[in-house]
Amino acid sequence: MGRRLNPFVPSPRDVLNRAFEEAGIVPGSLMVDLGSGDGRAPMIAAKEFGAKAVGFEINDALVHHAEQSRRRLRLNDVRYVKADIRHVDLRSVDVVFAYLTSDALEAIKPVLMTADEETLVMTHDYPIPGWEPSEVLRLRSDTTARTHLFYLYRIRDVVRRIGRSGSGMGPTVPTTPSISIRTLFDEDA
Ligand SMILES: C[S@@+](CC[C@H](N)C(=O)[O-])C[C@H]1O[C@@H](n2cnc3c(N)ncnc32)[C@H](O)[C@@H]1O
């Protein structure tokens with residue numbers, strides 16, 4: 001089974017809204033949250049920006065909670081999947097979001113490197129070790145009364161700087177079977 005890399009700490013909704021606007025999420029975008037907690041980020045991406053959105057989460061209770069909220073809000077373009085984010089394939093995803101510590105981000109670099117060159121990776125509060133962000137957003141939250149940092153990485157720029165292996169870490173593609181994200185939307189759930 002999977003290993004939990006970080007505990008659940010939610011991102012404030014107000015900063016997520018602004019961060020996703022800056023990330024250029026538009027109707028039809030495919031957005032993924034790696035470690036989706038209560039599911040708020042995919043719900044915002046779908047409800048406010050018209051994206052298709054997927055949350056991967058290892059904790060059963062959180063997946064169940066997120067699914068209940070999704071049904072209540074009738075968000076047909078959101079999926080929650082119980083999965084270990086160390087075994088996800090990010091091909092064809094437009095925006096990847098992660099609120100994880102730098103240690104956890106280091107551990108999932110091979111997964112991030114499965115994304116396409118056009119993909120934007122956005123991390124909250126913690127940068128990806130060894131990767132140079134193309135932009136850093138400083139967004140003040142009324143909920144937490146503090147400034148939240150969002151680090152934006154374009155995979156094309158990362159590959160140009162350090163190559164596909166992402167600073168020499170591990171394999172480029174996860175070795176265990178991974179979930180194909182587009183197929184999650186093949187039939188209505
Ligand atoms: C800091 S919370 C962020 C929640 C949400 N993304 C947000 O920003 O509101 C990190 C989440 O990652 C989940 N997580 C930790 N390790 C994981 C793993 N190996 N696979 C999937 N989810 C994991 C935790 O259960 C937790 O819900």
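Colleague: How many residues does helix α3 have, and how far does it reach from its first C-alpha to its last?

Modeller: The model is a predicted one. Within it, helix α3 covers residues 60-72, which is 13 residues. Its reach from first C-alpha to last is 18 Å, close to the 18 Å expected at 1.5 Å a residue.

Colleague: Which residues of α3 are buried?

Modeller: They are V63, A66 and R70. These three cover an arc of only 65° around the axis, which puts them on the same side of α3. On the other side, D60, A61, R71 and R72 are exposed.

Colleague: What do the buried residues of α3 pack against?

Modeller: Their partners are α2 (40-49), β2 (52-57) and β3 (78-82). After the helix comes R74, with a positive phi near 50°.

Colleague: Which residues are buried in helix α1?

Modeller: In α1, residues 13-22, the buried positions are V15, L16, A19 and F20. Seen down the axis, they fall within an arc of 130°, so they line one face of the helix. Their cover includes α2, β5 (120-124), β6 (135-141) and β7 (146-154). Just after α1, G24 takes a positive phi of about 80°.

Colleague: How many bridges join β1 to β2, and do the strands run parallel or antiparallel?

Modeller: Strand β1, residues 30-34, is joined to β2 by 5 bridges, and the two run parallel. One of the pairings is that of D33 with G55 in β2.

Colleague: Which residues come nearest to the ligand?

Modeller: There are 26 residues around the ligand, and S11, G35, G37, I58 and Y99 come nearest. The elements that give two or more residues to this shell are α2 and β2. By class, the shell has 11 nonpolar, 8 polar and 7 charged residues.

Colleague: Where is K47 placed, and which residues does it touch beyond four places away in sequence?

Modeller: K47 belongs to helix α2. With sequence neighbours up to four places away left out, K47 touches L73 and L75. K47 is partly exposed, because 16 other C-beta atoms lie within 10 Å, a number between the limits of 12 or fewer for exposed and 20 or more for buried. K47 and P27 are 20 residues apart in sequence, and their C-alpha atoms are 9.9 Å apart in space.

Colleague: Where do S92 and A145 lie, and is A145 buried or exposed?

Modeller: S92 lies in the loop between β3 and β4 (95-98). S92 is partly exposed, with 13 other C-beta atoms within 10 Å. The place of A145 is the loop between β6 and β7. A145 is exposed, as 8 other C-beta atoms lie within 10 Å.

Definitions and conventions
Residues are numbered from 1 along each chain as its sequence is written. This is a predicted model: local features need pLDDT of at least 70, side-chain atom pairs count only at pLDDT 80 or more; totals for chains, interfaces and linings use all residues. Helices (H or I, at least four residues) and strands (E, at least two) are DSSP runs, numbered from the N terminus. The expected span of a helix is 1.5 Å times one less than its number of residues. The arc is that of the directions from the helix axis to the C-beta atoms. Two residues are in contact if their C-beta atoms, placed from the backbone, lie within 7 Å. A residue is near a molecule or strand if its C-beta atom, placed from the backbone, lies within 6 Å of it. Ala, Val, Leu, Ile, Met, Phe, Trp, Tyr, Cys and Pro count as nonpolar, Asp, Glu, Lys and Arg as charged, and the others, Gly among them, as polar. Two strands pair if DSSP finds at least two bridges between them.
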